[in-house]
Structures are given as C-alpha cells and as structure tokens.
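Hi,

Here is the structure I promised to pass along. Have a look at it first, and then read on for what turned up.

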Amino acid sequence: MLSSTSSSIIENFIRSVVQSHEIATGLKKLTSHEQIIDYAYSKGFSFTKDDWDEFVLLDSESLKSQSKQSAHLHDTTHWSWAFRQVSTWRAMLMEGADQGSS
C-alpha cells in the first residue's frame with residue numbers, strides 16, 4: 001500500500017517536472033519506469049518501484065479507457081513516453097505530441 005510519505009515524495013517530483021523546464025527536459029530520453037525512478041532519485045526524490053507502480057496505477061484508474069490505452073501503449077522510444085505516465089504530465093503535452101511527432 002502506498003504510504004502518504006511516498007505519495008507526497010512522488011507528488012513533489014511530479015510537481016518539480018511541471019515547474020522546472022530543465023527537469024522536464026530530462027524526461028524526454030527516458031524509456032522505462034525504472035529510468036523515471038532513477039531520474040527522480042538523481043533529482044533528490046527517493047521512492048521505490050513498488051510505490052511508483054502503485055501511484056501510476058491509482059492515477060490511471062481515474063482515466064477513461066481510451067486515455068489509459070494512450071497513456072501506456074506508446075512507443076517507449078518516443079520523446080513523449082515518460083510524460084504520458086501520469087495525468088499531471090500528460091496535461092503538459094500540446095495537442096499533436098503523438099507518435100508521428102519528433
């Protein structure tokens with residue numbers, strides 16, 4: 001079960017991506033949840049893969065089924081992949097930031 005402390009750390013990391021262009025830019029090259037966790041750690045946010053997985057699952061439960069599919073099935077090598085993993089980051093993407101964009 002996701003503790004309130006872990007949830008708070010993850011939410012702070014998510015907010016830092018929204019607030020800092022430099023941190024957000026670092027997400028573009030990430031292609032796995034493990035890399036997101038390692039990247040967060042490098043920026044001072046420490047949480048486990050289990051905590052991250054639970055946070056992402058809880059976040060995705062609030063999405064419509066089409067959005068869920070869109071969020072998780074994109075090519076992991078596309079620059080927008082990491083941004084599609086949580087709703088707060090998806091909101092940062094401009095319309096057209098899809099697989100056809102580079």
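Predicted model: local features only at pLDDT ≥ 70, side-chain atom pairs only at ≥ 80, totals over all residues.

Let's start with helix 3 (residues 33-42) and helix 4 (residues 49-61). Their axes lie 10 Å apart, and the packing angle is about 115 degrees. Angles of 65 to 115 degrees count as roughly perpendicular, so that is how helix 3 and helix 4 sit relative to each other. Their crossing is right-handed. On the helix 3 side, the residues in contact are His33, Glu34, Ile36 and Ile37, and they meet Lys49, Trp52 and Val56 of helix 4. Sorted by class, that contact has four nonpolar residues, two charged ones and one polar one.

Helix 4 also packs with helix 1 (residues 4-19): the two axes come within 10 Å and cross at roughly 70 degrees. Helix 1 and helix 4 are therefore roughly perpendicular too. Here Asp51, Trp52 and Phe55 from helix 4 meet Ser6, Ser7, Ile10, Glu11 and Ile14 from helix 1. This contact has four nonpolar, two polar and two charged residues.

Now for Asp51, which is part of helix 4. Is Asp51 buried or exposed? Its relative accessible area is 12%, and buried means under 20%, so Asp51 is buried. Leaving aside residues up to four places away in sequence, Asp51 touches Leu2, Ser6 and Ile10. Asp51 and Ser3 are 48 residues apart in sequence, yet their C-alpha atoms are 8.1 Å apart in space.

Cheers

Conventions. Residues numbered from 1 in each chain as written. Heavy atoms only, no water. Axes fitted to C-alpha atoms, helices over the stretch in contact; angles between N-to-C directions. Helix = DSSP H or I, 4+ residues; strand = E, 2+ residues; numbered from the N terminus. Parallel < 35°, antiparallel > 145°, perpendicular 65-115°, else oblique. Left-handed = near helix turned anticlockwise from the far one by under 90°. Contact = heavy atoms within 4.5 Å. Nonpolar A, V, L, I, M, F, W, Y, C, P; charged D, E, K, R; others polar. Buried < 20%, exposed > 50% of the residue type's maximum accessible area, 1.4 Å probe, protein only.
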